[in-house]
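Subject: Structure handover

Hi,

Here is the structure for you to look over. Please open it alongside the notes that follow.

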Amino acid sequence: MSGSQPGGNPEDLEPLCLGLLGLRRRALQELSSARTFSDQFLTKFLRARDLDVELSLKLLLNYQRWRRESPEISRCLSPSSVLGLLNTTYHAVLPQRDHSGSRVLIYRIGQWDPKDWLAFQVFSVSLMTSEIISMETETQMQGLKAIFDLQGWSLGHALQVNPSLARKMSSVLSDSFPLKVRGIHLVNEPMFFRPVFAMIRPFLPDKIRQRIHMHGAAFQETLSDFFSASILPPEYGGEGPGIEGVCQDWTNELLQSETLLQQIATHPTGDIAIPPEDCWISERVEAEQLSEG
Ligand SMILES: Cc1c(C)c2c(c(C)c1O)CC[C@@](C)(CCC[C@H](C)CCC[C@H](C)CCCC(C)C)O2
């Protein structure tokens with residue numbers, strides 16, 4: 001077992017262990033709830049920030065704040081409560097990763113009827129998927145790419161995306177969720193999607209802005225520059241399994257995670273893994289803090 005790890009690329013364990021020590025120490029200084037953080041949980045934040053302790057700490061604090069400030073989304077992670085939306089084949093995670101190991105997500109916005117579902121419920125679908133895929137080692141290292149099909153985008157949709165929601169969207173895209181966003185691909189975006197995009201864009205850091213690609217109606221020609229035909233559904237110019245089937249499969253995956261998601265939603269920090277027993281670093285940081293007065 002030299003240097004290889006189940007479910008992921010070879011990764012040196014030593015830098016990760018050092019990162020865990022560093023992040024645990026910093027989190028204990030910044031957060032009273034940090035004593036119970038599991039290694040698994042902290043690892044998500046470290047890998048999302050390439051093991052940089054200070055950046056991981058910032059991400060961890062932002063994640064906690066985002067959850068606190070968006071209870072209508074973060075406290076309600078229930079696939080069965082949005083089953084009607086999922087059954088319209090609104091969302092899928094493709095069964096195969098792309099050439100770089102990223103997860104590929106598809107959102108078909110036109111399937112969302114804004115009369116039936118409020119934006120926060122639609123948002124919760126993304127949060128559920130994000131919580132699930134962020135538990136995968138490979139995804140922690142290689143991130144995700146999302147394809148938004150905006151065919152059918154209407155005024156009814158636009159009216160639901162207010163500035164407060166736009167800000168919540170840009171927060172999770174930039175620095176409030178432990179996932180690397182490696183690409184955002186918009187297809188079939190109509191002209192009147194621009195004002196909505198103009199509302200989200202200013203809040204995004206340059207790094208993310210540069211990863212947003214607008215493909216328009218002729219997406220079949222340009223999407224293939226980013227994704228191999230073997231993984232994309234035929235509806236998106238590929239030769240992979242059809243969109244309806246992959247949506248159904250992912251809906252089932254979500255439904256099977258109902259209990260897990262419920263636990264994440266109701267947990268104070270979102271860390272549902274088993275905490276370390278009597279972690280020596282906690283005791284040491286506490287001792288240091290006592291002696292500092
Ligand atoms: C961790 C994480 C979350 C939680 C996430 C997304 C990504 C890439 C993540 O990594 C993308 C989707 C989003 C922001 C939820 C969006 C929900 C709204 C209601 C959909 C409306 C349609 C948008 C107007 C379409 C354009 C969106 C792009 C400019 C991002 O949720």
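In this predicted model, the axes of helix 2 (residues 39–48) and helix 3 (residues 53–69) come within 8 Å. They cross at roughly 120°. That angle makes helix 2 oblique to helix 3, because the roughly perpendicular class runs from 65 to 115 degrees and the roughly antiparallel class starts over 145. The crossing of helix 2 past helix 3 is right-handed.

Which residues make the contact between helix 2 and helix 3? From helix 2, they are Phe-41, Leu-42, Phe-45, Leu-46 and Ala-48. Their partners in helix 3 are Val-53, Ser-56, Leu-59, Leu-60, Tyr-63 and Gln-64. Sorted by class, this contact has nine nonpolar residues and two polar ones. No charged residues take part.

Now the aromatics. The structure holds eleven aromatic pairs. One of them joins Phe-41 and Phe-45. Their ring centres are 5.1 Å apart, with 65° between the planes. The pair counts as edge-to-face, since its angle is over 60 degrees. Both residues sit in helix 2, four residues apart, or about one turn of the helix.

Are Phe-41 and Phe-45 buried or exposed? Both are buried.

This pair also belongs to one aromatic cluster, made up of Phe-37, Phe-41, Phe-45, Tyr-63 and Phe-177.

Best wishes

Terms used:
Residues are numbered from 1 along each chain as its sequence is written. This is a predicted model: local features need pLDDT of at least 70, side-chain atom pairs count only at pLDDT 80 or more; totals for chains, interfaces and linings use all residues. Side-chain values use heavy atoms; hydrogens and water are left out. Axes are lines fitted to C-alpha atoms, for helices over the stretch in contact, and angles run from 0 to 180 degrees between N-to-C directions. Helices (H or I, at least four residues) and strands (E, at least two) are DSSP runs, numbered from the N terminus. Angles under 35 degrees count as roughly parallel, over 145 as roughly antiparallel, 65 to 115 as roughly perpendicular and the rest as oblique. A crossing is left-handed if the near helix is turned anticlockwise from the far one by less than a right angle, and right-handed if clockwise. Contact means heavy atoms within 4.5 Å. Ala, Val, Leu, Ile, Met, Phe, Trp, Tyr, Cys and Pro count as nonpolar, Asp, Glu, Lys and Arg as charged, and the others, Gly among them, as polar. Rings of Phe, Tyr and Trp (its six-membered ring) pair if their centres lie within 6.5 Å; planes under 30 degrees apart count as stacked, over 60 as edge-to-face and the rest as tilted. Buried means under 20% relative accessible area, exposed over 50%, partly exposed in between (1.4 Å probe, protein chains only).
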